[in-house]
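Please follow the chain through its loops, its helix pairs and its nonpolar cores, keeping the structure in view while reading.

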Amino acid sequence: MGVVNVKIIAVKIIASSFLEFWTMSLTEFNHEIAEIRDDRVRGASELARRCLMILAQAAREQVAEHPTELRERLLWLSRNLAETRPSMTPIRNLLRRWKDAFIIDADLDLAATRERAAEAAETLIAASRQAVVDCATHAAHWLGAGRTVMTHSYSSTVLAVCRLLRNQGLRMIVTESRPLAEGRRLAEQLAAWGVPTLYITDAQMGLFVAQADTVLVGADSVLADGSVVNKVGTYPLALVAREQGVPFQVCCESFKQRAASDPPPELEEMAPAELGVPGWPGVTVRNVYFDITPARLVTAWIDETGTSGSFSSSIL
């Protein structure tokens, strides 16, 4: 066998081994993508942090022979993660910030490049967590003690506010949040803290909103004009709150703000089977998960910088 043939065989063996490793890594990555796409428990910020954790892990473990090769693979992973949940702006925003921070210097070797990519992700994870703490602190100060607060769905930020006010006479009205009843998770935690809580179906919003001093919700995205993308049912709650003269406040990190140049938000629609109805002839079942509450229905926006009665985006 000639030298050239031996070299060709050797290259094929190396390429085959690389592709096998890459396929295994891609399988694991696709599993992570599927979990994020199908997650109905964690909120937008939690899922955004999970995306950054995946990037940090990939930065340290992904096979690469050169810093540029590693960067291209991580950017490919980042683009795919950004597309998993289009209604959840913090995923795109935090991944965009990670990309901006992940710049390769000519003097960085592969090991240093790995650490820079991983540390950029971990820094943003810490910033996201701190933003939730700061949001909750501002909201708790704004609300004060002895208040009855109504909320919809499950928000980690609203939960953090409740944690701060749980021993200050807080009372809660929590909606079920169909179809998967995310409100149950919040009500369960409030019960564990001993917070008096009224748990209602979404259809009872109009009956009970007048018993609240204020409505406080989280958000999956805030549009450039201050409109709010959140779990479907938020818009009707804002409407009945306005009708009853109850303030409607939105509490979320600035990472959730969309720029005016961003495309219109995609309101995700999930499987009709979640509604548990049979396949009736001629009946179409829709299961849209998010709605948009106009800014005119929002009394105040609360983020990690403070509280404002008018919205001004910090995203360019």
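Proline 179 sits in the loop between β2 (171–175) and α7 (183–193), where helices (H or I, at least four residues) and strands (E, at least two) are DSSP runs, numbered from the N terminus. The peptide bond that leads from arginine 178 into proline 179 is cis, with omega near 10°. This is a predicted model, in which local features need pLDDT of at least 70 and side-chain atom pairs count only at pLDDT 80 or more, while totals for chains, interfaces and linings use all residues. Residues are numbered from 1 along each chain as its sequence is written, and side-chain values use heavy atoms, with hydrogens and water left out.

The loop between β2 and α7 also holds serine 177, which has a positive phi of about 70° although it is not a glycine. Serine 177 has a relative accessible area of 0% and is therefore buried (buried means under 20% relative accessible area, exposed over 50%, and partly exposed in between, with a 1.4 Å probe and protein chains only). A positive phi of about 70° is found in serine 153 as well, again a residue that is not a glycine. Serine 153 belongs to the loop between β1 (148–151) and α6 (156–165), and because its relative accessibility is 8%, serine 153 counts as buried.

Two packed helices are described by the angle between their axes and the distance between the axes. Helix α3 (residues 67–82) and helix α4 (residues 89–101) pack with their axes 9 Å apart and at an angle of about 165° (axes are lines fitted to C-alpha atoms, for helices over the stretch in contact, and angles run from 0 to 180 degrees between N-to-C directions). That angle makes α3 roughly antiparallel to α4, given that angles under 35 degrees count as roughly parallel, over 145 as roughly antiparallel, 65 to 115 as roughly perpendicular and the rest as oblique. The crossing in which α3 passes α4 is left-handed (left-handed if the near helix is turned anticlockwise from the far one by less than a right angle, right-handed if clockwise). On the α3 side Arg71, Leu74, Leu75, Ser78, Leu81 and Ala82 take part, and they meet Ile91, Leu95, Trp98 and Lys99 in α4, contact meaning heavy atoms within 4.5 Å. By class, this contact of α3 with α4 comprises seven nonpolar, one polar and two charged residues (Ala, Val, Leu, Ile, Met, Phe, Trp, Tyr, Cys and Pro count as nonpolar, Asp, Glu, Lys and Arg as charged, and the others, Gly among them, as polar).

The axes of α5 and α6 come within 8 Å and cross at roughly 55°, and α5 and α6 are therefore oblique to each other. Here α5 passes α6 in a right-handed crossing. Val132, Cys135, Ala136, Thr137, Ala139, Ala140 and Leu143 in α5 meet a set in α6 that consists of Ser156, Thr157, Ala160, Val161, Leu164 and Leu165. The residues in the contact of α5 with α6 are 10 nonpolar, three polar and no charged.

The largest nonpolar core has 38 residues, of which Leu52, Leu74, Leu81, Ile91, Leu95 and Trp98 touch the most other members (a nonpolar core is a set of buried Ala, Val, Leu, Ile, Met, Phe, Trp, Tyr and Cys residues joined through side-chain atoms within 4.5 Å). At least two residues of this core come from each of α1 (3–38), α2 (44–61), α3, α4 and α5 (110–143), and α2 gives the most, with 10 residues. Tryptophan 98, leaving aside its neighbours within four places in sequence, is in contact with Leu52, Leu55, Leu74, Leu75, Ser78, Ala117, Ala120, Ala121 and Leu124. A second, separate core of 24 residues includes Cys135, Tyr154, Val174 and Leu216.

Two further helix residues deserve a look. Threonine 89, in helix α4, counts as buried at 0% relative accessibility, and beyond its neighbours within four places in sequence, threonine 89 is in contact with Asp220, Ser221, Phe255, Lys256, Gln257 and Arg258. Histidine 138, in helix α5, is partly exposed, with a relative accessible area of 28%. Not counting residues up to four places away in sequence, histidine 138 touches Ile302, Asp303, Glu304, Thr305, Gly306 and Thr307.
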